[in-house]
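Visitor: I am new to this structure. Please show it to me and walk me through its parts.

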Amino acid sequence: MTTDQATPPPAVTDCLIVGGGPAGLTAALYLARFRRSCLVVDAGSSRASWIPRSRNYPGFPPGINGNDLLIRLREQASGYGARLEHGRVEHIEPHAEGFAVRYGEHICVARRIILATGIEDTLPDMPDIDKAIAEGKVRLCAICDGYEVDGDNVAIYGDAETAIGHAVFMRTFTDRVTVIVHGEQDACDQAIALAEHYSVELIGDRVESLQPCETGIELLTCGGERHRFDIVYPSLGARFRSELAVQLGLDCDECGGVNVNEHRETSLHGLYAIGDVTMGLKQISVAIGQAAQAATAVHNSLDANPWGGLKAAPK
């Protein structure tokens, strides 16, 4: 990554944050309030944008829409001086000041980097799925909204063994739970016994189609059976957005989740990771707690920035 000799060198920022979801924006808020220069580069694909209304995020008793929460967080972070830019970070490499970063036609230099790139859910192949999610007919997180299920007719769609585990969790909120098996009906005897114990029905015939309908989601099997559910929870897995981490050779688990230490620092000094791209519970409140940890660690790892322009003490 080089620049033309006639072009002035890029400005150096204290911290670049890759990703503008709740984790990235909270990290920017903290760093800006530490009076650190920080830049958030956001591709606009935060998982939070799928949330019709979160009712377990603290401080909003009526709940809050995911996009409304992101708007508030952007306003709060930028209000303290954080820079927010739309773009996709394509390349990171070591630099004398820390890291050189390319996004689109831009190059910047950052002393520290925080990865907050999240995950991407695998969604069922069905028409108008965005609308179905917005209407609450397809839901992505039973931890977030299981309480609101309240006796509805629910299906879990995914690999048999994993879906059965999710179905047992859902029995806290309804006595009408069905597992729609995606792919082969392979589940251990213990999982099958759990399904029977908790009165979870299994539909093992292959899925011909899933279609939104007026009252929920209609399933047509390859055998011609039709079933209707109020809500479908996909349990098809997710992809860690850890391409940059892999590119840099960071220590990741077998699924691509980025491994970090107690300060949220990765195996590469000066580069941190927070939120869903790391291992752990995928919840906004967890991600913003990790953002506070990482931002504070970043601040403490840099030279002091004393008020009044006083030079930092020599190392």
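Some questions and answers on domains, sheets, a pocket and a cavity follow.

Guide: This is a predicted model, where local features need pLDDT of at least 70, side-chain atom pairs count only at pLDDT 80 or more, and totals for chains, interfaces and linings use all residues. Residues are numbered from 1 along each chain as its sequence is written, and side-chain values use heavy atoms, with hydrogens and water left out.

Visitor: What separation do the centres of domain 1 and domain 2 have?
Guide: The assignment gives domain 1 as 13–120 + 238–301 and domain 2 as 123–235. Such bounds come from an automatic or database domain assignment. Taken over C-alpha atoms, the two centres are separated by 32 Å.

Visitor: How many residues of domain 2 are in contact with domain 1?
Guide: Contact means heavy atoms within 4.5 Å. On the domain 1 side, 7 residues take part; on the domain 2 side, the number is 9.

Visitor: Where does the second largest pocket lie?
Guide: A pocket is found on a 1 Å grid over the protein atoms alone, as an open set of points where a 1.4 Å probe fits, with protein on both sides within 12 Å along at least five of seven lines. Lining residues have an atom within 4 Å of a point. Domain 1 and domain 2 both give residues to this lining, so the second largest pocket lies between them.

Visitor: How much space lies in the second largest pocket?
Guide: Grid points are joined across faces, edges and corners, and a volume is the space filled by probe spheres set on the points. For the second largest pocket that gives about 590 Å³.

Visitor: Which element gives the largest share of the lining of the second largest pocket?
Guide: The lining has 23 residues, with Arg47, Leu140, Cys141, His166 and Pro234 nearest the pocket's centre. Two or more residues come from each of β7 (119–121), α4 (142–145), α5 (160–170), β14 (231–235) and β15 (238–240). Helices (H or I, at least four residues) and strands (E, at least two) are DSSP runs, numbered from the N terminus. The largest share, 4 residues, comes from α5.

Visitor: How much space lies in the largest cavity?
Guide: A cavity is a set of points where the probe fits but cannot get out. The structure holds 1 cavity of 30 Å³ or more. Residues lining the largest cavity include Gly275, Asp276 and Gln290. Its space is about 30 Å³.
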